[in-house]
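Good morning. I have one structure to go through today, and I will take it slowly. Please have a look at it before I start.

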Amino acid sequence: MNLIFHGQSCIEIRFKEHAIIIDPFLRHNPKAIVKPEDIKVSYILVTHGHNDHLGDSLEIAERNQATIIAPNDLCRYLAFQGAKTHPMGIGGSFEFPFGKIKMTLALHDSSFNPPGTQESIYAGMASGFLIQAEGKTIYHAGDTGLFGDMQLIGNLHNIDLAFLPIGDNFTMGPSDAVIAARFLQAKMVIPMHYDTFPLIEQDPHAFVESLSAEGIKGQVMEPGQSLEF
């Protein structure tokens, strides 16, 4: 499979016959080098409702006739907007054509502001995703703080690759993310959710060095960079 990092928490994954994108915050993402119209996918995974994660989901879904996979409360709103959705709940799993998805806990809030308004709409619980496809397991933690059940997730699943937030302030910072990586026992960790805004500026290379000191493999991906996996 081929993974492409688009900045913030946006990951595109291209399988043999399908393609998905997670948290497609592109048009207003100062780090992204692609636009929503460049994305060709059949499924869109959204961890929670914040605008820098829900992002361009509706536009991409309409353009591609794609299904949005997201927490149940968020899916209710998106379905009302005309999107084709597949709602899920924390701990639930489902077998899709590209592979199996399990929705995991994330310690974070979830709401969004519709374009052109100051209204804040509750979007249900924030989440992460475990993706099992083509013999690999990928964990996208979403926006989250460190929590002890990451150790349980690591014990129950043989994680090949974990995307972990390191931006601090709104999510885990680098030091907590190192502990999360240790809990998860992932074979490789890639940092995300940093440097998009001043409040979350971090040094991802220093984070990877901290991982290495723990005997954990890490890699920094620049926006637009791809990884054959």
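First, the ground rules. This is a predicted model, in which local features need pLDDT of at least 70 and side-chain atom pairs count only at pLDDT 80 or more, while totals for chains, interfaces and linings use all residues. Residues are numbered from 1 along each chain as its sequence is written, and side-chain values use heavy atoms, with hydrogens and water left out.

Now the overall picture. The protein has six helices and 15 strands; these are DSSP runs, with helices (H or I) of at least four residues and strands (E) of at least two, numbered from the N terminus. Its radius of gyration is 16 Å, close to the 17 Å from the globule rule for 229 residues, so the protein is as compact as a globular protein of that length. That radius is taken over C-alpha atoms, and the rule is 2.2 Å times the number of residues to the power 0.38. The C-alpha trace spans about 50 × 40 × 30 Å along the principal axes.

How much of the protein is buried? Of the 229 residues, 55% count as buried. Buried means under 20% relative accessible area, exposed means over 50%, and partly exposed is in between, with a 1.4 Å probe and protein chains only. The exposed surface comes to about 9800 Å², and carbon and sulfur atoms supply 49% of that. The areas come from the Shrake-Rupley method with a 1.4 Å probe; for residues, only the protein chains shown count as cover.

Next, contacts, meaning heavy atoms within 4.5 Å. Among contacts with a separation of 6 or more, 58% are between residues 24 or more positions apart.

On to the aromatic rings. A pair of aromatic rings is described by the distance of the centres and the angle of the planes. Rings of Phe, Tyr and Trp (its six-membered ring) pair if their centres lie within 6.5 Å; planes under 30 degrees apart count as stacked, over 60 as edge-to-face and the rest as tilted. By this rule there are seven aromatic pairs. One of them is Tyr-77 with Phe-112, a tilted pair at 4.5 Å centre to centre and 55 degrees between the planes. Tyr-77 lies in helix H3 (residues 72-80) and Phe-112 in strand E9 (residues 111-112), so the pair ties together parts that are 35 residues apart in sequence. Tyr-77 is partly exposed, with a relative accessible area of 21%, whereas Phe-112 is buried at 3%. Phe-96 and Phe-98 form a stacked pair, 5.6 Å centre to centre with 5 degrees between the planes. Both of these residues are buried. Phe-96 and Phe-98 also belong to one aromatic cluster with Phe-15, Tyr-43 and Phe-94.

Tyr-77 comes up again at Pro-114. Pro-114 sits in the loop between E9 and strand E10 (121-122). Which residues does Pro-114 touch, not counting those up to four places away in sequence? They are Tyr-77, Glu-119 and Ile-121. Pro-114 is buried, with a relative accessible area of 12%.

The next loop, between E10 and strand E11 (127-133), holds Gly-124. Gly-124 is buried, at 4% relative accessible area. Leaving aside neighbours within four places in sequence, Gly-124 is in contact with Asp-73 and Ser-110. Gly-124 and Gly-49 are 75 residues apart in sequence, and their C-alpha atoms are 7.9 Å apart in space.

Now a point about the backbone. Most residues other than glycine have a negative phi. Asp-168 has a positive phi, near 65 degrees, and phi of Asn-169 is also near 65 degrees. Asp-168 is in the loop between strand E13 (161-165) and helix H5 (174-184), and Asn-169 is in the loop between E13 and H5 as well. Asp-168 is partly exposed, with a relative accessible area of 38%.

Helix H5 contains Val-178, which counts as buried at 8% relative accessibility. Beyond its neighbours within four places in sequence, Val-178 is in contact with Phe-207, Ser-210, Leu-211 and Glu-214.

Last, Gly-215, in the loop between helix H6 (204-213) and strand E15 (226-228). Is Gly-215 buried or exposed? At 68% relative accessibility, Gly-215 counts as exposed.
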